[in-house]
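The sequence and the structure are shown first.

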Amino acid sequence: MKSLVPLSFGLLLVIAPCRAGDNTAEVTLSPTPVPITESSEQRDARMSWWRDARFGMFVHWGLYSGLAGTWNSKPVATKGGMEWIQKMVKADTDTYAREALPKFQPKPGFASEWMKLAKEAGCKYVVFTTKHHEGFALHDSKDGDFNAGAKLNRDLVREIVEAARAEGLRIGFYHSLIDWHDANYDFTKAKGLPYPVGGNHESIPRNHSKYIDHLHAQVGELMTKYGPIDVVWWDFSSKGFEGDEAWHASELIRKVREMQPGIVMNNRLYSASTVKNAENEHREFNTAHGDFITPEQRIPSTGMPGVDWESCMTLNTTWGYSDHDHAWKSEQTLIRNLVDIASKGGNYLLNIGPKGDGSIPPETVTLMKGIGSWMKINSEAIYGTTAGPFESLPWGRCTRKGNTLYLSVFEWPKDGKLTVPLKNRVLSCSLLADPSNQLTTNSGPLGLEISLPSVAPDPTAAVIRITIDGVPDVMEPMSTPKAPENP
Ligand code: H79
């Protein structure tokens with residue numbers, strides 16, 4: 001199938017099973033592009049599971065995983081995204097495939113290990129690379145021969161989707177718009193589009209509209225052969241090459257929404273200021289371009305009211321597996337990042353990079369399980385919460401569920417008194433780690449004062465659940481008098 005014929009959509013819609021409670025957006029089938037109408041209530045219903053989830057696992061896995069950051073027996077780098085190794089070593093696609101394919105040997109049952117780890121860490125959804133920039137598709141594609149079906153006689157997408165469902169996890173497809181394999185992918189269309197091979201490539205005739213057919217055809221396969229898919233995560237567009245011109249984006253979005261009415265997608269079919277100029281990105285947000293924005297490798301300094309967002313971040317510094325990257329973040333950093341993001345109303349999509357055989361590096365297993373141990377006691381402060389009411393708190397973060405606030409204490413007060421700038425009356429207050437023990441609270445000039453045990457139940461983030469009378473009535477931050485300088 002070279003490109004999707006609109007006529008087939010009706011059939012696909014009938015056979016694709018729908019999850020109860022999913023969006024009921026009106027879908028009109030027609031050979032000409034039609035807008036899909038959706039009320040804000042319908043949008044909220046469609047986004048609801050994603051907003052409640054707050055924590056997902058990202059998986060970068062492809063041919064680069066087997067290369068593991070090594071080319072010609074030499075480490076390529078110790079830091080940075082090794083899923084870009086083909087570009088870093090400037091390999092053409094044939095050389096790259098020749099080197100990488102023999103090293104990509106998924107062992108049986110690998111996907112089940114991923115999903116068990118995601119579940120244990122407390123993730124509610126998993127987004128994995130169906131194809132990264134290298135162009136190798138993990139499904140058994142009938143469009144082209146650079147895919148797991150043609151090369152390994154396996155459908156790795158099916159294996160991964162089935163494993164996720166077995167663990168009750170939502171599943172998402174990362175899909176690269178950039179493609180270094182397809183000879184028609186025209187990186188010359190805009191300045192600075194990444195492409196591995198330098199030299200006289202401009203002389204090779206490229207027919208980008210044929211590449212768009214390939215992109216649409218593979219997305220069509222992914223959206224119709226695996227049942228209901230929860231997320232599609234496009235990557236990426238640049239200023240000067242985005243949207244309709246680059247990917248026939250509105251047509252692609254329309255097709256995807258027809259095939260998967262409940263799906264949630266990011267907005268990278270269009271150029272969003274994802275990496276740089278980040279603090280302004282939500283002001284440019286347009287829901288016609290996608291459902292949420294994706295700050296990459298960073299956490300916005302404040303929340304973004306009215307805009308859905310998800311920070312995607314690595315455990316070390318690479319997305320794709322590398323033998324040479326040992327810069328693992330600490331368990332404390334990861335847990336505090338999760339809390340920080342939730343306190344600002346965002347989701348955390350935390351990446352793992354399995355090896356070429358699909359196995360997960362031991363450091364990754366330890367870190368994900370560490371987050372899971374914290375979540376076992378404290379996940380109530382994450383799932384289903386919204387941003388806290390405070391601009392900032394000197395000792396930690398706050399998330400909210402109606403009139404219940406979850407105070408995650410990073411800096412346990414030495415004097416045993418925690419000040420919360422709130423005027424409300426307290427209905428109940430206890431530690432999630434010790435829920436039957438009510439904590440004493442008093443109102444003081446700076447707000448509520450909670451009396452704490454002398455030792456934090458968790459030095460990373462100890463969570464206090466406090467239920468108040470009415471909506472949070474936050475005290476204006478007072479200008480604290482400057483501490484006298486030491487004589
Ligand atoms: O899939 C991951 C990245 O490969 C992809 N998005 C995430 C989710 C991405 N594509 N482009 N970019 C990120 C921005 C460009 C980053 C780069 Fe680099 C800086 C390219 C070369 C230097 C990061 C570090 C990738 C390779 C080294």
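## Terms and basis of the model

Two strands are said to pair if DSSP finds at least two bridges between them, and helices (H or I, at least four residues) and strands (E, at least two) are DSSP runs, numbered from the N terminus. This is a predicted model, in which local features need pLDDT of at least 70 and side-chain atom pairs count only at pLDDT 80 or more, while totals for chains, interfaces and linings use all residues. Residues are numbered from 1 along each chain as its sequence is written, and side-chain values use heavy atoms, with hydrogens and water left out.

## Overall make-up

The protein chain holds 13 helices and 18 strands. Of its 487 residues, 55% are buried, where buried means under 20% relative accessible area, exposed over 50% and partly exposed in between (1.4 Å probe, protein chains only). Taking contacts (heavy atoms within 4.5 Å) between residues at least 6 apart in sequence, 71% join residues at least 24 apart.

Strand 13 and strand 17 (residues 447–451) run antiparallel and are joined by 4 bridges; Val420 stands opposite Leu448 in strand 17.

Strand 6 (residues 231–235) is largely enclosed by the rest of the structure, because 5 of its 5 residues are buried. In a regular strand the side chains alternate between the two faces of the sheet. Here both faces are covered, with Val231, Trp233 and Asp235 buried on one side and Val232 and Trp234 buried on the other.

Strand 6 pairs in the parallel sense with strand 5 (residues 170–176) over 5 bridges, and Trp234 is the bridge partner of His175. Strand 6 also pairs in the parallel sense with strand 7 (residues 264–265), over 2 bridges, and Val231 stands opposite Val264.

## Packing of helices 12 and 13

Helix 12 (residues 331–343) and helix 13 (residues 362–378) pack at an angle of about 50°, with their axes 9 Å apart; axes are lines fitted to C-alpha atoms, for helices over the stretch in contact, and angles run from 0 to 180 degrees between N-to-C directions. Glu331, Leu334, Ile335, Leu338 and Val339 in helix 12 meet Leu367, Gly370, Ile371, Trp374 and Met375 in helix 13.
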